Amino acid sequence: MAASDPEKLIAKADKLTKLTLTRWSADWRNATQYYEQAATAFRFAKKHEKAKVAFEKASKGQEMLSSPWDAAKHMESAAALAAELSIWGEVADFYRRASELYNECGRSQPASDALAKGGRALEDAKPDDAIAMYTDAIMLLEDDGKENMVPDIYRAVTNVCIKLEKYTDAASFLLRWAVASYKCNALHSQCKAYLSAIIVYLYMHDFKQADQCYNDCCQMDTFLNSDQSHCASKLLSAYREADVEEIQRVAKSSTVSNLDHMIIRLARKLPTGELVAMEINSLEQGEALDEDDLT
C-alpha cells in the first residue's frame, strides 16, 4: 500500500492524529510513518503538491515525537517542492522553519545551510528575501565561530546585490567577508575581498569612498604588502590622473583576473564615465572641503 496508494496512507494517518470519544491521544508514531511513506510515493509519482503537504505533515509528526532533526529534513523536502511549484512564500517559511529545527539540535551548520538553500531558491523570484536569508545564514555561522564556512554564502549574497545594483550593500558584504577571512587566517581571501570592495566603489563613481576604503584597509599589514593593495594603489593613482588607458590596463591585470567573476565584470567596465574624472578633479581643487557641507 505504501507505494501504490499514498492517498489511503494519508487518510489513515490523518485519522490516527484526530482525537475522538474512543481515541484520547493521537498516535503520532504510526501516523508519521504513514505520512513519510505517502510523501515518498507522491514525490516519486511527481505529484509535487501532494508530496509537499505530506512532508509538512511528516515534519509535524517528527516534532511531536521530539525528533527535530528528522522534522527539519522533512521540512527541507517540503521547501524544495514548494520551489518546484513556485510557491515562494512557502519556500522562505519552510527553509526558515527547517533552520530553526536544526538549531534546536544545536547544529549551526545545517541550520545555516537551510537558509542558504532558501536564498538560492529565491534569488530570481524574490531577490530581497534571498539577501535576507543569506545574511541570516552568515550570522549563524559567524556567531558560532565558523567563519571558514561562509565564503560561498558571501559570494552568493554579493552577487545578488550586484545584480540588483545595490552596490553599497555589495561593498559592505565584501568588507564583512574580509573580516571573516582574517578571523580564520584566510589572508589571501581577505586581501581579495578588500580589493573587490574598492573596485565596487569605483564602479559606483565614488572615488572618495574608494580612496577612504583603501586607506582603511592599509591599516592591515597583510593588505598593505599584498599584490591586491598594489593593484588598488595603481587604480586610484590612474583615477587621480584621469588616465583612462591606465585604468583599463590595471583592470585587466592578473591580480584583478583572479577575483570573482562578478567583480571582474565590474572592473572591465572601468572607468564608468567622464564623471569619475571630474569628481576627482573637484576633490583636488578643494571643493570637497566645504565645512558647511555635511553630506
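This is a predicted model: local features need pLDDT of at least 70, side-chain atom pairs count only at pLDDT 80 or more; totals for chains, interfaces and linings use all residues.

Modeller: Let me start with two helices, α10 and α11, whose crossing is left-handed.

Colleague: What makes α10 roughly antiparallel to α11?

Modeller: Helix α10, residues 187-203, packs against helix α11, residues 207-217, at an angle of about 165°, and their axes are 7 Å apart. Angles over 145 degrees count as roughly antiparallel, so α10 is given that label relative to α11.

Colleague: Which residues of α10 and α11 meet?

Modeller: From α10 come Tyr-194, Ala-197, Ile-198, Tyr-201 and Leu-202, and from α11 come Phe-207, Gln-209, Ala-210, Cys-213, Tyr-214 and Cys-217. Sorted by class, this contact has ten nonpolar residues, one polar and no charged ones.

Colleague: Why are α7 and α9 called roughly parallel?

Modeller: The axes of α7 (residues 127-143) and α9 (residues 167-183) cross at roughly 15° and come within 13 Å. The cut-off for roughly parallel is under 35 degrees, and therefore α7 and α9 receive that name. Their crossing is left-handed. On the α7 side the contact is made by Ile-131, Thr-135, Ile-138, Met-139 and Glu-142, and on the α9 side by Phe-173, Arg-176 and Ala-180. The classes here are five nonpolar, one polar and two charged residues.

Colleague: How do you know whether Ile-264 is buried or exposed?

Modeller: Ile-264 has a relative accessible area of 12%. Buried means under 20%, so Ile-264 is buried. Its place is in helix α16, residues 261-268, where the buried residues are Met-262, Ile-263, Ile-264, Leu-266 and Ala-267.

Colleague: What covers the buried residues of α16?

Modeller: The cover includes α8, α9, α10, α14 and α15. As for Ile-264 itself, it touches Val-256, Ser-257 and Leu-259, leaving aside residues up to four places away in sequence.

Colleague: Why do Cys-105 and Cys-184 count as partly exposed?

Modeller: Partly exposed lies between the 20% limit for buried and the 50% limit for exposed. Cys-105 has a relative accessible area of 30%, so it is partly exposed. Cys-184 is at 33%, so it is partly exposed too.

Colleague: What makes the phi of His-205 worth a remark?

Modeller: Most residues other than glycine have a negative phi. For His-205, phi is near 75°, a positive value in a residue that is not glycine. His-205 sits in the loop between α10 and α11, and its relative accessibility is 28%, so it counts as partly exposed.

Colleague: What about the phi of Ala-242?

Modeller: Ala-242 is not a glycine either, and its phi is positive, at about 55°. You will find Ala-242 in the loop between α13 and α14. With 38% relative accessibility, Ala-242 counts as partly exposed.

Colleague: Which peptide bond is cis?

Modeller: The bond from Leu-270 to Pro-271, where omega is near -10°. Pro-271 belongs to the loop between α16 and α17. For context, most peptide bonds are trans.

How values were computed:
Residues are numbered from 1 along each chain as its sequence is written. Side-chain values use heavy atoms; hydrogens and water are left out. Axes are lines fitted to C-alpha atoms, for helices over the stretch in contact, and angles run from 0 to 180 degrees between N-to-C directions. Helices (H or I, at least four residues) and strands (E, at least two) are DSSP runs, numbered from the N terminus. Angles under 35 degrees count as roughly parallel, over 145 as roughly antiparallel, 65 to 115 as roughly perpendicular and the rest as oblique. A crossing is left-handed if the near helix is turned anticlockwise from the far one by less than a right angle, and right-handed if clockwise. Contact means heavy atoms within 4.5 Å. Ala, Val, Leu, Ile, Met, Phe, Trp, Tyr, Cys and Pro count as nonpolar, Asp, Glu, Lys and Arg as charged, and the others, Gly among them, as polar. Buried means under 20% relative accessible area, exposed over 50%, partly exposed in between (1.4 Å probe, protein chains only).
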